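Hello,

I am handing over the structure below. Please look through it before reading the notes that come after.

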Amino acid sequence: MNGFPAWLTATLASDAAEGQGVLPANIHPLQSGLVVVGAASVALVSQDDNLAVRKVLDAPPSPGTVMIIAGGIMSRTAIIGGLLALEMQNAGVVGLVTDGPVRDAQEIRALELAVWSRGVTPTASNKNGPALVGGSVSIGGIVIRDGDLVIADDDGVVIWPQERIDELLKRAEVKFQQDTMRLAQLQAKAGKVVPQL
């Protein structure tokens, strides 16, 4: 997870940020059990169009990046399908978060590319643009910039501003330690054996 601790989850990320930076609940994981923590690379698509994804992949971001594709909230067409998902994975992209739908869900699940989207559709997108790559985008009122940290799992997606990553990571670790101690106490009361951490 790009040097971040394995215990870092969306819930801890949200707690550390006091609920700020949490994307809307209608952005769902396509496949359960996948976790990504990585720097955001943002792009903005037009309605029913995914030219921006193509432009990002023409000059791929650094490996370990999470692509954030905004602008699809009203789209009826897919932001990516199976072929683009494979191309993203080959480029070292570890995940995709979008407010639009995706297609070829079964193929994407087989790749185990971590995707959070508004849903699925069989309909292909146009590739006419306009398209904007880089800078900042907004999903559900949450501004996301290139380099912000994305923490995503089955509970949802949390964005940490890049200038607050160190501070929020320390706060998340404190919460993790508190939760670990409380869990040990609860398990002890229940007479369960507590695994060594």
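This is a predicted model: local features need pLDDT of at least 70, side-chain atom pairs count only at pLDDT 80 or more; totals for chains, interfaces and linings use all residues.

Residues are numbered from 1 along each chain as its sequence is written, and side-chain values use heavy atoms, with hydrogens and water left out.

Helix H2 covers residues 51-58, and Leu51, Ala52, Val53, Val56 and Leu57 in it are buried (under 20% relative accessible area, 1.4 Å probe, protein chains only). Helices (H or I, at least four residues) and strands (E, at least two) are DSSP runs, numbered from the N terminus. The cover over the buried residues of H2 includes strands E2 (36-44), E3 (66-70) and E8 (132-133) and helix H3 (82-90).

H2 and H3 pack with their axes 10 Å apart, at an angle of about 25°; axes are lines fitted to C-alpha atoms over the stretch in contact, and angles run from 0 to 180 degrees between N-to-C directions. H2 is therefore roughly parallel to H3 (angles under 35 degrees). From H2, Val53, Arg54 and Leu57 meet Leu84, Glu87 and Met88 of H3, where contact means heavy atoms within 4.5 Å.

Threonine 121 sits in the loop between strand E7 (119-120) and E8. Threonine 121 counts as buried because its relative accessibility is 15%. Not counting residues up to four places away in sequence, threonine 121 touches Arg76, Thr77, Ala78, Pro101, Val102 and Arg103.

Regards

Definitions and conventions:
Buried means under 20% relative accessible area, exposed over 50%, partly exposed in between (1.4 Å probe, protein chains only). Angles under 35 degrees count as roughly parallel, over 145 as roughly antiparallel, 65 to 115 as roughly perpendicular and the rest as oblique.
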